[in-house]
Amino acid sequence: MNIFDFGVHFTDEKSCRTHFKEERDKIGVICNRCQGTQHYWLKNKWSYECKSCSSRQSLRSGTIMQGSKLSFLVWYKTIFLLSTTKKGFSSKEIQRQLGLKRYEPVWAMVHKLRKAMGQRDDRYTLEGMIEMDEGYFTIEASQQAHETQKAGRGSKTKSNVMVMAESTVLEDIDTGKVERQCRYFKAKVLDDHKAEGTDQSFVDAIDGERTIVFTDKCTSYVNIADYVEIHVTEKSNEQTTKETLKWVHIAISNAKRNFTGTYHKIKKKYLQLYLNEFVYKLNRRYFGERIFDRLVIASITANGH
């Protein structure tokens with residue numbers, strides 16, 4: 001969806017509310033009191049009324065917009081900005097684009113949408129052939145830390161992120177040339193370099209044991225073989241980066257470039273949210289204009305409804 005299409009479909013508050021209701025009705029509304037699924041729609045109040053217990057809930061209730069004082073139009077414009085480009089927008093830039101005076105509500109809205117992206121991707125697991133490696137992302141730290149800390153493992157200026165890519169081997173029938181193509185990605189911030197944390201993040205991300213995993217010989221991966229059918233390890237070098245773990249390192253380098261050019265000093269506790277946005281759009285890189293509706297759906301289901 002380009003800016004002209006958006007302007008045609010979403011001209012005012014009512015058009016955004018109507019679209020949001022249509023998408024929510026497709027998913028279904030659950031009563032907060034009795035868990036009933038049958039409701040009346042009270043048009044004058046823009047609310048649902050449960051047919052079983054007469055309990056009411058607003059259109060925003062149970063969604064990512066619950067408790068927000070920002071209009072549906074502002075939310076929709078933000079969803080459009082976040083979904084329309086490969087690169088991200090800082091909250092400050094979105095505030096400027098929307099012409100809003102206060103920064104804090106915009107910051108909260110954008111992070112809620114990033115959280116919804118992560119929750120949506122957490123519903124899906126990787127399968128088949130998986131590349132896995134770790135990347136070190138620059139985070140906010142003191143000037144002294146940046147001047148004295150070395151890059152890499154253990155640095156206070158870097159955060160350790162486990163990145164996985166679901167890749168498949170494709171062979172050209174005519175030439176016999178073999179290439180690895182990639183479908184989906186995952187990226188999770190790790191608290192430390194211990195195998196236990198890596199194991200749990202890995203298990204949460206994969207679909208069962210019928211999986212082949214490619215990694216380097218990092219000590220954090222010593223237990224990976226217990227959870228998969230085959231664990232292939234190679235010594236970390238330039239060839240491994242370009243061939244065996246190609247897609248993982250493409251994702252890591254693209255994410256770092258994206259963050260450096262868009263955001264200013266990402267705090268470690270918020271790094272996962274920025275990764276959520278990057279991976280969400282990367283996994284939907286062929287969706288085209290459908291990614292806007294997908295993010296609206298994610299905003300409806302983010303709180304478990």
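Two strands count as paired when DSSP finds at least two bridges between them. With that in mind, welcome to a set of close-ups of a predicted model.

**View 1. The whole chain, to get your bearings.** The protein chain has 305 residues, of which 46% count as buried. Its secondary structure comes to 11 helices and 8 strands. Among contacts with a separation of 6 or more, 63% are between residues 24 or more positions apart.

**View 2. An open sheet of 3 strands.** The strands lie in the order β1-β2-β3, and their pairing is antiparallel.

**View 3. From β1 to β2.** Strands of a sheet pair through backbone hydrogen bonds, in either a parallel or an antiparallel way. Here β1 and β2 pair in the antiparallel sense, over 4 bridges. Look for W41, which stands opposite Y48 in β2. The hairpin of β1 and β2 has 4 residues between the strands, and W46 in this hairpin takes a positive phi near 50 degrees.

View 4. Strand β2 (residues 47–50) is joined to β3 by 3 bridges, and the two run antiparallel. Which residue of β3 is the bridge partner of S47? The partner of S47 is S58. Helix α2 (residues 13–27) packs on the sheet and touches β1, β2 and β3, with its direction at about 30 degrees to that of β2. Back in the strands, Y48 has Q57 of β3 as its bridge partner. The hairpin formed by β2 and β3 has 5 residues between them, and S54 in the turn shows a positive phi of about 65 degrees. Along β2, S47 and E49 point one way while Y48 and C50 point the other way, and all are buried.

View 5. A pair of aromatic rings is described by the distance of the centres and the angle of the planes. The structure holds 15 aromatic pairs. One of them joins F20 and F72: the ring centres are 5.3 Å apart and the planes meet at 65 degrees, so this pair is edge-to-face. The pair links distant parts of the chain, with F20 in helix α2 and F72 in helix α3 (residues 72–84), 52 residues apart. Elsewhere, F6, F10, Y76, F80 and F292 form one aromatic cluster.

**View 6. Charges over rings.** Find K92 and you will see its charged end over the ring of Y103, 4.8 Å from the ring's centre. A second example is R290, which lies over the face of F287 at 4.7 Å from the ring centre.

**View 7. Two nonpolar cores.** The largest nonpolar core has 36 residues, and F20, Y76, I94, M109 and F292 are those with the most contacts inside it. At least two residues of this core come from each of α2, α3, α4 (91–98), α5 (104–121) and α11 (290–301). Which helix gives the largest share? That is α3, with 9 residues. A second, separate core of 23 residues includes F137, V248, I252 and F259. For a closer look at M109, leave aside its neighbours within four places in sequence: M109 is then in contact with L70, V74, W75, T78 and L98.

**View 8. H249 and its surroundings.** H249 is found in helix α9 (residues 246–262). With a relative accessible area of 22%, H249 is partly exposed. Which residues does H249 touch, not counting those up to four places away in sequence? They are D133 and T241. G99, by contrast, is 150 residues from H249 in sequence and 38 Å from H249 in space, C-alpha to C-alpha.

Definitions and conventions:
Residues numbered from 1 in each chain as written. Predicted model: local features only at pLDDT ≥ 70, side-chain atom pairs only at ≥ 80, totals over all residues. Heavy atoms only, no water. Contact = heavy atoms within 4.5 Å. Axes fitted to C-alpha atoms, helices over the stretch in contact; angles between N-to-C directions. Phe/Tyr/Trp six-rings, centres within 6.5 Å; stacked < 30°, edge-to-face > 60°. Lys NZ or Arg CZ within 6 Å of the ring centre and 35° of its normal. Core = buried A, V, L, I, M, F, W, Y, C linked by side-chain atoms within 4.5 Å. Buried < 20%, exposed > 50% of the residue type's maximum accessible area, 1.4 Å probe, protein only.
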